[in-house]
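Student: I would like a close look at one part of this model. Please walk me through its strands and what surrounds them.

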Amino acid sequence: MKILVAIKRVADPDNANKIKIAPAGNAVDTTGLEWKVNPFDEYALEAALRLTENGKSPKQRIGEVIAVTLGPKECEQTLRAALATGADRAIRIDTTDDALDGRLVALALQALVLSEKPDVVLLGKQAVDGDSNQVGQRLAELLDWPMATFAATIREEQGALLVGREVDGGVLTLKVGLPALVTVDLRVVAPTSVYSLHTDPAHKYAEGVRFAPLPAIMAAKKKPLDVKPLADVVPGAALTSRVSKFERPAARSAGVRVKDVAELVDKLMNTAKVL
Amino acid sequence: MPNALVIAETSESGDVKKATHSAITFAKQAAPALGGSFSILVLGAHASKAAAALTGFGAAKVFACEDPTLEKYTAEHFSRTVAEIGKGFSLLVATATSQGKDLMPRVAARLDAAYAGDCSAVLVEGNKVLYKRPMYAGNAFGTTELLTAIHVATARQSEFDPAAPSGGTSPIESVAKVAPGAAAARVSVVSLEAVTSERPELTEARVVVSGGRALKEKFFEVLEPLSTALGAAIGASRAAVDAGYAPGDYQVGQTGKIVAPELYLAIGISGAIQHIAGMKSSKVIVAINKDGEAPIFQIADYGLVADLFQAVPALVAELAKRGRSSA
């Protein structure tokens, strides 16, 4: 199976206090923020690796995993990390972060899919900077491919994937015939979430994503990494959405401390009147 | 027709989901910039029934696309019909449920339109519509401008009060399903493993009891008696879900469920910004945590510094003692 995985580096949002809004209010100042791989994309890569191996011998790829990103040269670090973890080769579409929106990313990925012809495209359900949650869905429509968004489980079948989706009120299982697109949610890296046809259904993965051992990090430097200018991939690319103003969320002020559960129930009944 | 179109959401049997009414509110708020009116589109195997339930909200028209292949929602069967009806409008909006978030970007791509997802507000400036969205895991709100002729958006349900019927009778117009693309033949719904629960749905509950990683394997053992006593839904922090103590669809936060109940109890939750983004619109927030420095206390209306394994059972007992337990 040939899989294309889209990966984005994001300014680490867990480091909340460091998110600063530029004085003009029209940009988020990312100086001083640490970059990291969007966690959902990291999970998509892990799912791609699990789908292209026998879980008992994870160093051997059965098929091919191609990691793709869009952005400036610094993003190659993100791709090298993906190569070290097990991806076979990588493609960077050269552009700057401010020249992209969800529509353009989907158009660029569409062009890559048409030339690479993967069986599966895997992406995180959203990137935790823009939180747009649109690229996967857009790409599936552009390709006229079936999709399964917000995947918690993926099981390979002959020519198809059985995907358990996180939906309101439960897990909805979809069967999508290949080629197909999947966006992943948190639970996809649980020990029994993803199985290729080659992996024993009784196999249990370690929780979470795998880490690259040092020799693999060295070897990754020799793996192929192609660079294509955005203008070649999407001729005439122009933004169709822009953020004109950023604001911090309104602060919610701290209330009172109660000394025990009796006082708590008392406050909820008599002051807040919610019980 | 420079107006707004609401994409309704229904059950398989054609009952209109409550989420639809939030998208109607969104459309009504945007309407002044868009010719003043809005219409509604319903798709499903029982779309006429659903359309009939939506004629009292002041829509210019209610479109009903009834087709047996639309009984179970799939984006592949829905997107082209929504795009076909939608291309006569300048704004297409659904509520940001799992269905809305799945479908609407696909519709946007079909129309080559820009998309603003999970909007917390819609702003009208003259004849311009702008979209305020939470970004950076809730650390910032971005006011987004869409530069295509057609805009596609989803509305964060907790930020738009459900529209109330306003009287009148909107005309219903039947529309035909547009033939789907090749994708539709390669997708099938296998099963829905619904979370069977006596408890209310997380996003619609009046009271939510949420637990963090501190609960460990005792997540349900500790929280169930309290949720039963309060008639509450149970939620979880991302850390608790990541650790496997709670199922994924329990997650409250920017990347999970967004809730705004009257009462939210955060039990053993430290209060990562990611989590706060998903519950800060709650009317009253209670935090119980043994770490008095936990950030959750900065936003809680009532904070109790205590060992939750003792405090929660004590709270259940106290509620029973005061006759405030529905258990």
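Tutor: Start with strand 1 (residues 2-6) of chain A, which runs parallel to strand 6 of chain A and is joined to it by 5 bridges. Two strands count as paired if DSSP finds at least two bridges between them. Helices (H or I, at least four residues) and strands (E, at least two) are DSSP runs, numbered from the N terminus. The model is predicted: local features need pLDDT of at least 70, side-chain atom pairs count only at pLDDT 80 or more, and totals for chains, interfaces and linings use all residues. Residues are numbered from 1 along each chain as its sequence is written, while chains are lettered from A and ligands numbered from 1 in the order in which they are written.

Now find one pair of residues. A:Lys2 has A:Glu64 of strand 6 of chain A as its bridge partner.

Strand 6 of chain A also runs parallel to strand 7 (residues 89-94) of chain A, with 6 bridges joining them. There, A:Ala67 stands opposite A:Ala90 of strand 7. Between these two strands the chain passes through helix 2 (residues 76-85) of chain A, and this β-α-β crossover is right-handed. That term has a viewing rule: with the strands pointing away from the viewer, the path from the first strand over the helix to the second runs clockwise.

How enclosed is strand 6 (residues 64-71) of chain A? Of its 8 residues, 7 are buried, so the strand is largely enclosed by the rest of the structure. A residue is buried if 20 or more other C-beta atoms, placed from the backbone, lie within 10 Å of its own; it is exposed at 12 or fewer, and partly exposed in between.

Next, the partner chain. In all, 72 residues of chain A are in contact with 77 residues of chain B. Contact means that the C-beta atoms of two residues, placed from the backbone, lie within 7 Å. Strand 11 of chain A gives the largest share of the side that touches chain B, 8 residues. By class, that side of chain A has 37 nonpolar, 16 polar and 19 charged residues. Here Ala, Val, Leu, Ile, Met, Phe, Trp, Tyr, Cys and Pro count as nonpolar, Asp, Glu, Lys and Arg as charged, and the others, Gly among them, as polar.

Strand 15 of chain A and strand 8 (residues 140-146) of chain B are antiparallel, over 6 bridges. In that strand of chain B, B:Thr144 is the bridge partner of A:Val243.
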